[in-house]
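This briefing concerns the structure shown below.

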Amino acid sequence: MKTYSIAPCTPGAPDWNTVDPLHVDQSLWLPPVEIRMTTQICYDTEALYVRQRAVEKQIRAEHRSPFSMVCEDSCMEFFFQPTEDDHRFFNVEWNPNGCAFIGIGTDGRDTVRLSPLQEQEWFQPQVHRTEDGWEIIYRIPNDFVRLFFPAYQPEPGKVLRANCFKCGDLTVQPHYIAWNPVQSLTPNFHRSQDFGMMRFL
């Protein structure tokens, strides 16, 4: 099981040059492709901040509507279980249009799709094309998490169980890549038993 440390940051304005990356490099279910991804995560008293970067030459970005299956496009994902005593977890998935699929559940079969009325205001996604791919930066407000997990409180020593993924079901090079390996014979990211550990510093 891999581990990652979530460092505190300047409120509302992370300096990404000081935040350690984790490498999403476990190719699953399909032959490896020349696609790579990193994720950086930090926090303050208001939110988690996430930056995900993909090295991906052939980008697919078709979906733009709420509840779209962004996993069919070039997609970067962050799944996390906010508290240890509740087995539900969020899956937060983005495509290069800044279109989100946000869900909550325990195993994929019971996932409830969420579409907050103020989604852009809550998460403030910023998407950029880069010379060799694309990136997205967004926030996950504590107040949003507490709508479902009232006891959630990021603070030093607390632990999140989590995983990060890169996928693209209908891309030129279909792929499934994970930070923590997934022990499933068929594609299934919704396995909290395969999540890694992220500890708040």
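Of the 201 residues of the protein chain, 52% count as buried, where buried means under 20% relative accessible area, exposed over 50% and partly exposed in between (1.4 Å probe, protein chains only). The model is predicted, so local features need pLDDT of at least 70 and side-chain atom pairs count only at pLDDT 80 or more, while totals for chains, interfaces and linings use all residues. Residues are numbered from 1 along each chain as its sequence is written, and side-chain values use heavy atoms, with hydrogens and water left out.

**Overall form**

- The protein chain has two helices and 14 strands; these are DSSP runs numbered from the N terminus, with helices being H or I of at least four residues and strands E of at least two.
- Along the principal axes, the C-alpha atoms fill a box of roughly 40 × 35 × 30 Å.
- Among contacts in the protein chain with a separation of 6 or more, 61% are accounted for by residues 24 or more positions apart, contact meaning heavy atoms within 4.5 Å.

**Nonpolar cores**

- The largest nonpolar core has 44 residues, of which I6, L48, F78, F80, F90, I140 and M198 touch the most other members. A second, separate core of 15 residues includes C71, F89, C99 and F189.
- A nonpolar core is a set of buried Ala, Val, Leu, Ile, Met, Phe, Trp, Tyr and Cys residues joined through side-chain atoms within 4.5 Å.
- In soluble globular proteins, nonpolar side chains tend to be buried together.

- The largest pocket holds about 290 Å³ of space. Its lining comprises 18 residues, with C71, E77, E93, F189 and H190 nearest the centre. The elements giving two or more residues to this lining are β6 (75-81) and β7 (89-94).
- By class, the lining of the largest pocket has nine nonpolar, five polar and four charged residues. Ala, Val, Leu, Ile, Met, Phe, Trp, Tyr, Cys and Pro count as nonpolar, Asp, Glu, Lys and Arg as charged, and the others, Gly among them, as polar.
- The second largest pocket has a volume of about 200 Å³ and is lined by 16 residues, of which R36, M37, T38, R53 and V55 lie nearest its centre. At least two lining residues come from each of β2 (21-24), β4 (36-43) and β5 (47-55).
- A pocket is an open set of points on a 1 Å grid over the protein atoms alone, where a 1.4 Å probe fits, with protein on both sides within 12 Å along at least five of seven lines; lining residues have an atom within 4 Å of a point. Points are joined across faces, edges and corners, and a volume is the space filled by probe spheres set on them.

**Selected loop residues**

- R64 is found in the loop between β5 and β6 and counts as exposed at 64% relative accessibility. Leaving aside neighbours within four places in sequence, R64 is in contact with N97 and C99.
- F67 is also in the loop between β5 and β6; F67 is partly exposed, with a relative accessible area of 42%, and has a positive phi of about 70°.
- W29 lies in the loop between β3 (26-27) and β4, has a positive phi near 70° and is partly exposed at 24%.
- Most residues other than glycine have a negative phi.
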